[in-house]
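Take a look at the fold below.

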Amino acid sequence: MQVHRFEKVWLGAAILLIVGFIATIAYGSVGVGVGMVGDSGGQISAEAVQNGNTGTQFDDPGVVKEDGQYVVYVVARQFQFSPGTGDTPIRVPAGENVTFRVTSADVVHGFSVVETNINTMVIPGQVSEVSARFNEPGTYGLICHEYCGAAHHTMGGSVEVVPPEEYDMQQENIDQSADDAQAQEEADQ
Ligand SMILES: [Cu+2]
């Protein structure tokens with residue numbers, strides 16, 4: 001059988017394209033570590049999260065230090081992150097390992113920190129866990145990227161990454177002002 005030279009070239013090009021497409025799909029699904037929300041964060045009652053009586057740190061979300069590790073508890077609800085939205089940004093130190101534990105009080109939300117690979121779905125009843133390390137201090141945008149209702153487009157916030165020295169100072173200030181407030185309260189009684 002005689003196959004024309006041009007036909008051979010086109011055949012070769014077509015096979016190459018197909019192999020290339022399959023390779024990109026394989027890389028995208030395995031190579032970059034994209035996956036469904038893992039179950040490492042455990043389960044939680046969304047109703048309890050809504051009512052603030054989970055008996056966990058989600059009742060008072062924020063940054064805590066657990067076993068020397070920074071852990072950020074975030075509750076997503078229509079249409080805000082607490083902390084994160086408005087004048088309560090998530091504040092973490094640079095150069096430290098930070099684990100985000102995020103859950104939803106109502107519907108499915110997204111939790112994506114712009115310019116980083118922190119990106120997870122937030123599912124009611126489940127805790128999404130993502131670890132990261134910010135090397136560059138600065139303010140990073142935080143957005144909800146799963147349609148969650150009429151004001152979804154307004155649901156966002158920010159993550160403030162501060163140099164470690166500054167962070168410890170702020171912590172002390174916060175602790176100090178809490179102590180002061182408590183002392184004041186006791187004095188008032
Ligand atoms: Cu949303």
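Which residues of the largest nonpolar core touch the most other members? They are Val72, Val74, Ala76 and Val92, in a core of 29 residues. The elements giving this core two or more residues are α2 (46–51), β2 (69–77), β4 (90–93), β5 (97–104), β6 and β10 (156–162). Strand β2 gives the largest share, five residues. A nonpolar core here is a set of buried Ala, Val, Leu, Ile, Met, Phe, Trp, Tyr and Cys residues joined through C-beta atoms within 7 Å. Buried means 20 or more other C-beta atoms within 10 Å of a residue's own; exposed means 12 or fewer, and partly exposed lies in between, with C-beta atoms placed from the backbone. Helices (H or I, at least four residues) and strands (E, at least two) are DSSP runs, numbered from the N terminus.

This is a predicted model: local features need pLDDT of at least 70, side-chain atom pairs count only at pLDDT 80 or more, and totals for chains, interfaces and linings use all residues. Residues are numbered from 1 along each chain as its sequence is written.

Now the hairpin. Strands β6 (residues 109–113) and β7 pair antiparallel over four bridges; pairing takes at least two DSSP bridges. Ser112 stands opposite Asn119 in β7. Five residues separate the two strands, and Glu115 in this hairpin has a positive phi near 70 degrees. On β7 (residues 119–122), Thr120 and Val122 form the covered face, while Asn119 and Met121 form the uncovered one.

Helix α1 (residues 5–31) is hardly covered: the count of buried residues among its 27 is zero. Just after α1, Gly33 takes a positive phi of about 70 degrees.
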